[in-house]
Amino acid sequence: MAIPDEPDAGGTTDPQDELRQIAAQARAHLAALGEKRLTRVLRAAAPVVSVAAAASGVSAVSAARVVSAVGAAGGVSAAGGVSPAGVVSAARVVSAARVVSAALVQVREELGDCRRCKLHATRTQIVFGAGSESAPLVFVGEAPGASEDEQGLPFVGDAGQLLTRMIEAMGWRRETVYITNILKCRPPGNRNPEPDEVAECEPFLARQLGVLAPRVVVALGKFAAQSLLRTDATISSLRGRFHEVQGIPLMPTYHPAYLLRTPSAKKQVWEDLQLVMAELERLGVRAPA
Ligand code: SF4
């Protein structure tokens with residue numbers, strides 16, 4: 001006889017049993033994590049969770065919990081959270097990842113061919129964000145530059161290459177984190193973002209973070225840190241310690257573009273990134289192999 005809450009050693013071929021097992025495992029995992037992250041994911045992803053759940057036959061709450069569990073684990077095996085024994089199959093993880101992906105697609109669709117601020121008139125294209133949709137680690141910069149505006153991807157110029165090296169120095173790969181900006185369109189001549197532009201664009205970043213539900217956010221540069229933390233404090237006074245955005249630990253640090261101009265600041269950035277690495281380790285999150 002199978003022990004309650006333990007997977008049937010012989011496996012099951014009943015889809016409903018299998019779905020009940022997924023929900024039970026996710027619930028157990030969430031009980032350990034607390035419901036805070038679930039609330040955030042549900043708020044951000046509720047519409048698509050309902051659609052995806054209806055399509056798959058899983059209840060919306062169960063689907064959201066699976067999403068939350070997978071997001072929390074940063075990939076099931078990374079944190080060893082849902083099932084070290086591999087009880088949660090690859091197919092289930094893919095299903096949960098699809099819910100996150102669908103939620104992110106919905107945010108992008110709602111942004112649409114955005115003309116909410118004056119930057120739409122001078123951009124080549126919107127730069128929404130790029131990377132892993134199950135990333136436990138998210139980097140947020142200020143705004144696209146010329147290369148990003150041209151390619152439609154964040155951090156692909158010289159500063160982006162330095163960011164890639166920073167990520168790799170942390171033991172991660174660029175494709176295993178998620179990278180985006182406060183503004184999704186390039187300010188002309190790379191001028192500073194203006195308050196009305198930030199006010200119009202930032203809600204979409206908030207929704208991205210709500211869907212991704214990362215474990216740690218790194219704010220790159222003064223504008224990203226000030227916007228996310230709603231403060232006028234200087235980046236030098238904010239960096240070096242964790243703050244919080246949407247319930248997620250946030251580490252402000254200098255922008256890679258600043259490091260290209262001021263290489264002596266690399267030491268401080270490395271100190272900040274080491275704090276991020278320590279926090280991820282404390283949370284049981286490891287870089288994917
Ligand atoms: S910067 Fe943001 S709010 Fe402004 S047009 Fe681009 S996407 Fe829309």
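**Before the views.** A residue here is buried if 20 or more other C-beta atoms lie within 10 Å of its own, exposed if 12 or fewer, and partly exposed in between, with the C-beta atoms placed from the backbone. This is a predicted model, in which local features need pLDDT of at least 70 and side-chain atom pairs count only at pLDDT 80 or more, while totals for chains, interfaces and linings use all residues. Residues are numbered from 1 along each chain as its sequence is written.

**View 1. The whole chain, for orientation.** You'll find twelve helices and six strands in the chain; these are DSSP runs numbered from the N terminus (helices are H or I, at least four residues; strands are E, at least two). Of the 289 residues, 45% are buried. Two residues are in contact if their C-beta atoms, placed from the backbone, lie within 7 Å. Take the contacts between residues at least 6 apart in sequence: 72% of them join residues at least 24 apart.

**View 2. The sheet, strand by strand.** The six strands form an open sheet with mixed pairing, in the order β1-β3-β2-β4-β6-β5. At its edges sit β1 (130-131) and β5 (243-245), each pairing on one side only. Two strands count as paired if DSSP finds at least two bridges between them. Strands of a sheet pair through backbone hydrogen bonds, either parallel or antiparallel.

**View 3. Strand β3 and its two partners.** β2 (residues 137-141) and β3 (residues 178-181) pair in the parallel sense, over four bridges. Look for V140, which stands opposite T180 of β3. With β1, β3 runs antiparallel, and two bridges join them; here A130 has I179 as its bridge partner in β3. In a regular strand the side chains alternate between the two faces of the sheet. Both faces of β3 are covered: Y178 and T180 are buried on one side, I179 and N181 on the other.

**View 4. Helix α9 lying across the sheet.** α9 (residues 222-229) lies across β2, β4 (216-220), β5 and β6 (248-253), and runs at about 130° to β4. That angle is taken between N-to-C directions, from 0 to 180 degrees, using lines fitted to C-alpha atoms (for helices, over the stretch in contact). The helix is mostly covered, with seven of its eight residues buried: K222, F223, A224, A225, Q226, S227 and L228. Those buried residues pack against β2, α8, β4, α10 (235-238), β5 and β6. Just after α9 comes R230, with a positive phi of about 50°.

**View 5. The largest nonpolar core.** A nonpolar core is a set of buried Ala, Val, Leu, Ile, Met, Phe, Trp, Tyr and Cys residues joined through C-beta atoms within 7 Å. The largest one has 53 residues, and V138, V140, V177, V217 and A219 have the most contacts inside it. It lies between domain 1 (15-109) and domain 2 (113-282), because both give residues to it; the domain bounds come from an automatic or database assignment. Zoom in on V177: beyond its neighbours within four places in sequence, it is in contact with G131, S132, A135, L137, V138, F139, I167 and W172.

**View 6. Two loop residues with positive phi.** F155 is in the loop between α6 (146-151) and α7 (158-169), and its phi is near 50°, a positive value in a residue other than glycine. F155 counts as buried because it has 28 C-beta neighbours inside 10 Å. N190 is in the loop between β3 and α8 (195-212). Its phi is positive too, about 60°, although N190 is not a glycine. N190 is partly exposed, as 13 other C-beta atoms lie within 10 Å.

**View 7. The parts to read with care.** pLDDT is the predictor's confidence in each residue, from 0 to 100. Its mean over the chain is 79, and 68% of the residues reach 70 or more. Over residues 1-20 the pLDDT stays under 50, and the model has nine contacts beyond four places in sequence for them. Residues 41-82 also have pLDDT below 50, yet this stretch has 104 contacts in the model beyond near neighbours in sequence.
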